[in-house]
Amino acid sequence: MAILRVMSIADPSVPFVGSAVLPLIFGANDSAITIGICTLTINVIMLPILHYLDRLCFST
């Protein structure tokens with residue numbers, strides 16, 4: 001359960017929040033790349049690790 005809380009605090013929904021905030025900070029071209037990289041990082045790396053740790057901790 002703690003892993004889910006950490007993920008919800010550390011990785012907010014980048015595609016939704018990022019598309020409104022990041023173009024103001026980085027510009028339109030760089031923000032699209034940043035949003036894509038963050039989304040892939042969350043979906044391809046962080047979520048599988050989360051599911052693995054969840055199964056490992058609650059397998060008993």
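Helices here are DSSP runs of at least four residues, numbered from the N terminus. The model is predicted.

View 1. An unreviewed UniProt entry gives residues 32-53 the annotation "transmembrane region". In the model, this stretch is 100% helix and 0% strand. Its end C-alpha atoms lie 30 Å apart.

**View 2. A nonpolar patch on the surface.** Seen here are L40, V44, I45, I49, Y52, L53 and L56, which form a nonpolar surface patch. Together they have about 680 Å² of accessible area. One of them, L40, sits in helix α3, which covers residues 28-57. Is L40 buried or exposed? Its relative accessible area is 54%, so L40 is exposed; the cut-off for exposed is over 50%.

View 3. Helix α2 spans residues 14-26 and has 13 residues. How far apart are its end C-alpha atoms? They are only 14 Å apart, short of the 18 Å that a straight helix would reach at 1.5 Å a residue. A kink of about 40° lies at A20. The proline P23 follows shortly after A20.

**View 4. S19 and I35.** These two residues are 16 residues apart along the chain. Their C-alpha atoms are separated by 7.2 Å.

Terms used
Residues are numbered from 1 along each chain as its sequence is written. This is a predicted model: local features need pLDDT of at least 70, side-chain atom pairs count only at pLDDT 80 or more; totals for chains, interfaces and linings use all residues. Side-chain values use heavy atoms; hydrogens and water are left out. UniProt positions are given in the numbering used here, feature names are shortened, and annotations may be inferred rather than shown by experiment. Helices (H or I, at least four residues) and strands (E, at least two) are DSSP runs, numbered from the N terminus. Patches are made of residues with over 30% relative accessible area and no salt bridge: like charges are joined within 9 Å, nonpolar side chains (Val, Leu, Ile, Met, Phe, Trp, Tyr) within 5 Å. Accessible areas come from the Shrake-Rupley method with a 1.4 Å probe; for residues, only the protein chains shown count as cover. A salt bridge is a side-chain nitrogen of Lys or Arg within 4 Å of a carboxyl oxygen of Asp or Glu. Buried means under 20% relative accessible area, exposed over 50%, partly exposed in between (1.4 Å probe, protein chains only). The expected span of a helix is 1.5 Å times one less than its number of residues. The bend at a residue is the angle between axes fitted to the seven residues ending there and the seven starting there.
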